Amino acid sequence: MTDEPTDERPRKVIHVDMDAFYASVEQRDDPRLKGRPVAVGSASGRGVVAAASYEARKFGVRSAMPSATALRLCPELVFVPHRFDVYRAVSRQIRAIFHDYTPLVEPLSLDEAYLDVTENLRGIATATEIAQEIRARIRAETGLTASAGVSYNKFIAKLASDYRKPDGLTVITPAKGPAFVAALPVARFHGVGPVTAAKMERLGIVTGADLAAQSPEFLRQQFGKAGAYYWNAARGIDLRQVVPDRPRKSVGSEQTFARDLMTEEQLVDGLIPAVDSVWSHCSRNGVAARTVTLKLRYSDFRLITRSRSLAAPVDSRETLERTGRELIAGLLPLEKGVRLLGISVSNIERGEAEAVATGVAQLTLAI
């Protein structure tokens with residue numbers, strides 16, 4: 001039996017996604033929160049929701065939503081501060097379970113990962129059995145629930161894991177894949193964000209079937225290089241492999257402020273904690289990056305970024321701060337007040353001692 005999947009022997013992929021991970025950890029650790037609408041984050045000032053329990057989601061509360069909006073939607077919402085050290089520890093527990101079944105584990109974040117179980121370490125006959133066993137072990141060992149999608153590629157496995165959340169298991173075989181994709185709204189496709197979904201809707205593309213009806217030329221004309229991906233996705237085709245231990249792509253930190261920043265001095269002062277956080281991580285883990293990106297959100301929620309690629313990797317905190325200051329100077333005078341400010345480094349030349357799960361480390365500061 002060969003290691004490479006074939007048409008006769010397709011790849012077996014599981015996507016595991018923890019259910020409302022941060023909020024569920026908080027409800028597990030504090031019984032008073034069970035059954036209540038919970039948001040992880042800060043309710044004060046310009047706070048935002050980092051995560052919401054399913055009880056809160058029933059009211060329309062979502063992650064990245066301003067806390068004030070969340071409280072208007074759900075006045076009984078309980079805010080708890082984040083505990084990322086705890087979430088990371090639980091994530092390591094879960095990842096250890098994954099590695100009991102396969103070395104091919106590709107983490108996407110603390111709470112989700114792809115597993116290739118075409119060949120598995122326990123000799124279990126089907127991917128469905130493996131997914132069932134993994135979910136049972138997660139519940140028993142962490143007290144949390146996970147949803148899983150089982151299919152023949154990453155694209156459909158991820159769609160499937162979201163299909164019966166929370167605490168669900170969905171299996172999509174190669175025979176059922178194209179029909180499953182055809183019936184789904186394109187807005188649920190991984191890689192189709194709100195802006196692209198709105199454009200597709202204007203073009204009359206609402207479902208996977210609508211997308212599959214378009215020619216490659218039309219999709220390329222409308223969506224550029226992504227057109228080929230959309231054409232394949234609409235047919236349930238995804239040739240990407242599960243890649244374990246993806247190297248870090250960027251390191252960033254950002255902060256939302258209680259009051260709008262209005263001057264260059266305020267912007268620079270506001271950026272310093274993010275610079276300190278990013279450089280501390282880079283120097284501690286041996287990250288050498290050439291590109292610095294400034295992220296800024298105005299008071300009307302419009303988001304802009306500005307980047308600069310350097311001739312040599314950022315070699316000091318001073319270089320990082322100086323580049324950040326120069327990027328700020330290029331945005332002056334300000335159009336309006338600034339509510340969020342952040343900085344990141346990318347185009348990394350060598351990785352850290354430990355590979356990163358998400359591919360993008362976001363060191364969000366307290367708000």
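**Entry 1: the sheet**

I started with the strands and found three of them in an open sheet, ordered β3-β2-β4, with mixed pairing. I'm working from a predicted model here. Next I looked up the edges: these are β3 (49-52) and β4 (78-80), and each pairs on one side only. I also noted the twist, which averages 30° from one strand to the next.

A reminder to myself: strands of a sheet pair through backbone hydrogen bonds, either parallel or antiparallel. So I checked one pair. Strand β2 (residues 38-41) and β3 run antiparallel, and three bridges join them. In that pair I found Val40 standing opposite Ala51 of β3.

**Entry 2: what sits on the sheet**

Which strands does α1 touch? I see α1 packed on the sheet, where it touches β2, β3 and β4. Its direction makes about 110° with that of β2.

**Entry 3: two helices**

Then I turned to helix α1 (residues 21-29) and helix α4 (residues 84-99), which pack with their axes 10 Å apart, at an angle of about 100°. That makes α1 roughly perpendicular to α4, because angles of 65 to 115 degrees count that way.

Who makes the contact? From α1 I listed Phe21, Tyr22, Val25, Glu26, Arg28 and Asp29. From α4 I listed Phe84, Val86, Tyr87, Val90, Ser91 and Ile94. I sorted the residues of this α1 and α4 contact by kind: eight are nonpolar, one is polar and three are charged.

Key: Residues numbered from 1 in each chain as written. Predicted model: local features only at pLDDT ≥ 70, side-chain atom pairs only at ≥ 80, totals over all residues. Heavy atoms only, no water. Axes fitted to C-alpha atoms, helices over the stretch in contact; angles between N-to-C directions. Helix = DSSP H or I, 4+ residues; strand = E, 2+ residues; numbered from the N terminus. Parallel < 35°, antiparallel > 145°, perpendicular 65-115°, else oblique. Contact = heavy atoms within 4.5 Å. Nonpolar A, V, L, I, M, F, W, Y, C, P; charged D, E, K, R; others polar. Pairing = 2+ DSSP bridges.
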